[in-house]
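Please examine the sequence and the structure shown below.

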Amino acid sequence: MKTVLKRLAGFTGFPLLALIAPFLLLPIISRILGDGGWANYTAGQAIGTLGAIGVLFGWGVLGPVRIAKATGAAERQRIYRVSLHTRLSIIGLVLPAAVIATLLVTSEAYRLESILMAVGGVLVGLSPNWFCIGVGRPMLMGKYDAIPRLIVSLAAVPVLLATGWVWFYPVTLIAVSIGSVWAFTRMVLRGSERERYSLRLVRSELRSLMPTALIDFTGNSYGSTPVPISTATLRPADASSFSSAERLYRISIMAVTALGDAFQGWVLEPAATSPIRRHLAAITAHSALGLVGGTLIAILGPSVTGFVFGEAVAATHAQSFFFGVSLFFISATTPLIRNIMIPAARFRQVFVATVVAAVIGLALMISLGIAGSSAGIAAGLAASEFLIFAVLLPPAIVELRKVARTQPPRGAE
């Protein structure tokens, strides 16, 4: 248990450092851009997030498992090198697509800032965080991701206040992302034999990653589309209010991700003497986090977003309620997918559940957005998260029963 507590502290602490950056900068940026530009800016962020998922192509889900099961440094180096080749191949397609999508949904007056945020978001797909999770070393995540981003954010504050140059922040983020990936790659691959880029190997790897990539991309696609949908369908003031609610929700999801990162390697350790207890501990922790976090968003969302982003773009109570519901279900579903269904190779069931939820959720978000309901878009997201949880819970219980039947005699952890 001490191991998971250490990992929890590290994998929670460094993402929390990353959380400080938005709270330092987004209040300044939202006030500079006003209620019209704020929605465009967050739309660029959302598109960049979706692009990063495409660049990762399943490495964020399956990568930690591969690294955790690697037998030595040489195998880990080989896995990382292959991942870099596949992600660099994909980013050449995703980056232009993200720029074009941002151009289509944003206003001309704010396109530069929005496009730069989209580009910065796409580059997150090259982040080595999944590798750090696999080796169970949160300090690497801090050194090569969270701390550099925090330093850049702190440095950007006086520039934004003095000049109002919103573009300065995404430009520095792009620079630090490229620099961090370069430095991490040199560190990990030091002493390894160089391997030439092989198109055949990349194609083979992409085929093996396809099931996980489809699940990851489909599952996150509808989660990243609410802001672009609101920007395209709602009045600027309503879209900006919705963007504030969604931004608070996205920041809260980082806590869910950090908890999942801390538990995944611990739960899946082959040497665990009581795996069922570890599974139940992860499920309980995620459910509690979702319940507490979702309740806080539902109750405090309007006041928090009003204080942080400005009263002119504060979230409404209805928006906050549905985002709180979404947070609960996404947190409760996380251990079912990451610790149970994916390791059990139940890819098809996860994919089907995700596709059904995405189709229904997107249909609701688009139709209610066209009808002018910002709360309706949030409700569509909540409905999709509930559907995934409801569909995956029964097969996850079946898999847990299999784990319980094969569990060795009870012993000390």
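**Charged pairs, aromatic rings and the nonpolar interior**

D145 is buried, with a relative accessible area of 12%; buried means under 20% relative accessible area, exposed means over 50%, and partly exposed lies in between (1.4 Å probe, protein chains only). This is a predicted model, in which local features need pLDDT of at least 70 and side-chain atom pairs count only at pLDDT 80 or more, while totals for chains, interfaces and linings use all residues. Residues are numbered from 1 along each chain as its sequence is written, and side-chain values use heavy atoms, with hydrogens and water left out.

Which residue forms a salt bridge with D145? The partner is R149, and the closest N and O atoms are 3.2 Å apart. A salt bridge is defined as a side-chain nitrogen of Lys or Arg within 4 Å of a carboxyl oxygen of Asp or Glu. R149 also counts as buried, at 17% relative accessibility. Because the two residues R149 and D145 are four residues apart in helix α6 (residues 138-163), about one helical turn separates them. Helices here are DSSP runs (H or I, at least four residues), numbered from the N terminus.

Seven salt bridges are found in a search of the whole structure. In one of them, the side chains of R66 and E205 meet at 2.3 Å, N to O. R66 belongs to helix α2 (residues 59-69) and E205 to helix α8 (residues 199-224), so this pair ties together parts that are 139 residues apart in sequence. R66 is partly exposed at 25% relative accessibility, whereas E205 is buried at 10%. Another salt bridge joins the side chains of E399 and R346 (2.2 Å, N to O). This pair links distant parts of the chain, with E399 in helix α14 (residues 374-406) and R346 in the loop between α12 and α13, 53 residues apart. Both E399 and R346 are buried.

The nonpolar interior comes next. A nonpolar core is a set of buried Ala, Val, Leu, Ile, Met, Phe, Trp, Tyr and Cys residues joined through side-chain atoms within 4.5 Å. The largest core has 79 residues, and W59, Y80, W130, F131, F184, F323 and L392 touch the most other members. Apart from it lies another core of 19 residues, among them L33, Y169, V176 and V313.

Rings of Phe, Tyr and Trp (its six-membered ring) pair if their centres lie within 6.5 Å; planes under 30 degrees apart count as stacked, over 60 as edge-to-face and the rest as tilted. By this rule there are 17 aromatic pairs. F131 and F184 form an edge-to-face pair, 5.7 Å centre to centre with 80 degrees between the planes. F131 lies in helix α5 (residues 129-135) and F184 in helix α7 (residues 168-189), so the pair ties together parts 53 residues apart in sequence. F131 is buried at 6% relative accessibility, and F184 is buried at 0%. F242 and F323 form a tilted pair, 5.4 Å centre to centre with 50 degrees between the planes.

L364, found in helix α13 (residues 347-370), is partly exposed, with a relative accessible area of 31%.
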